[in-house]
Amino acid sequence: MQTFLEFEKPIAELEGKIEELRHLTNAGDINIADEVTKLQTKVDKLLRQTYAKLTPAQKVQVARHPNRPHCLDYVKGLIDDFTPLAGDRGFAEDRAVIGGLGRFRGRSVVVIGQEKGHDTETRVRHNFGMAKPEGYRKAQRLMDLADRFNLPVVSLVDTAGAFPGVQAEERGQAEAIAKSIERCLRLSVPMVAAVIGEGGSGGAIAIATADRVLMLEHAIYSVISPEGCASILWRNPDMAGEAAVALRLISHDLKELGVIDRVVSEPIGGAHRDPAETIKALGDAIEESLGDLDGLDGAAVRAQRRQKFLDMGQKGLG
């Protein structure tokens, strides 16, 4: 069942009428089919108009849409012969981080991603995509594997942030994230990261410090959630809309700032309306990005990646 966001109410009403009319088509009334076509045209037009002028706060809603494709959907659609690998060889398996080996369009790769889950059972199993220290240590182990066997890394970012619980802090959450970022920078193989939903804080950067950072059109990427920012700055979570604007967390702003390298367009109405098309479009962008890095030796890849992030700091300071 399609889930409609608050700003999509006019679209929901029209689509509800279309659904009612479609149940009457068995009556053989030709005019009903014509009316469905007219209403569908109105829906398409309204979708285009609505999604062409989304506010940052509305983009946050789209990025968090429950029907939006998640990490495992992209793995299923893009990676052949995927073999998941588990555990950090130190403490435990963290199901918020998905990782393993597979073939992406004929190329062997290591895949690392964050999985939120689609329903109550899977969300609890994957801890809503919020990794604990063992999740980031598993990511480091997978990057070590990629380096050892000269395999490019593809990471799929979708998390509200690292898990903030006391136990995670006791087990070294900050150190695990820092080490993961460091490991990204030391990789001597190409790495392409894609923000597919939420890119929240260090939890996202831990697997997104890549040669190429792609971002879906209606995804978000920020140092803190709008609600968290509003609570800290204004002591009022109701200011989340203003915080979303100030954070400049939407894809086109981040491309302009040089934080990401490419915006990948989504279908009209967001990725949740046509997951298959979204997955294919992201796959095309990943393939092109990996192709751009072909032929570079390990030292050149590492040097370019490090310089890319140094340039961000220098530009920001300037």
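This is a predicted model: local features need pLDDT of at least 70, side-chain atom pairs count only at pLDDT 80 or more; totals for chains, interfaces and linings use all residues.
Let's start with the record. An unreviewed UniProt entry carries the annotation "domain: CoA carboxyltransferase C-terminal" for residues 38-292. Over that stretch the chain is 46% helix and 20% strand, and its end C-alpha atoms lie 45 Å apart.

Next, a helix pair. Helix 4 (residues 71-78) and helix 13 (residues 275-293) have axes that come within 10 Å and cross at roughly 70 degrees. Helix 4 is therefore roughly perpendicular to helix 13. On the helix 4 side, the contact uses Asp73, Tyr74, Gly77 and Leu78, which meet Thr278, Ile279, Leu282 and Gly283 of helix 13. Sorted by class, this contact has four nonpolar, three polar and one charged residues.

Leu282 turns up again in the largest nonpolar core, which has 55 residues: together with Ile112 and Tyr221, Leu282 is among those with the most contacts inside it. Apart from that core lies another of 13 residues, including Phe7, Ile18, Val36 and Val43.

Is Lys138 buried or exposed? Lys138 sits in helix 6 (residues 133-148) and is buried, with a relative accessible area of 1%.

Definitions and conventions. Residues are numbered from 1 along each chain as its sequence is written. Side-chain values use heavy atoms; hydrogens and water are left out. Axes are lines fitted to C-alpha atoms, for helices over the stretch in contact, and angles run from 0 to 180 degrees between N-to-C directions. Helices (H or I, at least four residues) and strands (E, at least two) are DSSP runs, numbered from the N terminus. Angles under 35 degrees count as roughly parallel, over 145 as roughly antiparallel, 65 to 115 as roughly perpendicular and the rest as oblique. Contact means heavy atoms within 4.5 Å. Ala, Val, Leu, Ile, Met, Phe, Trp, Tyr, Cys and Pro count as nonpolar, Asp, Glu, Lys and Arg as charged, and the others, Gly among them, as polar. UniProt positions are given in the numbering used here, feature names are shortened, and annotations may be inferred rather than shown by experiment. Buried means under 20% relative accessible area, exposed over 50%, partly exposed in between (1.4 Å probe, protein chains only). A nonpolar core is a set of buried Ala, Val, Leu, Ile, Met, Phe, Trp, Tyr and Cys residues joined through side-chain atoms within 4.5 Å.
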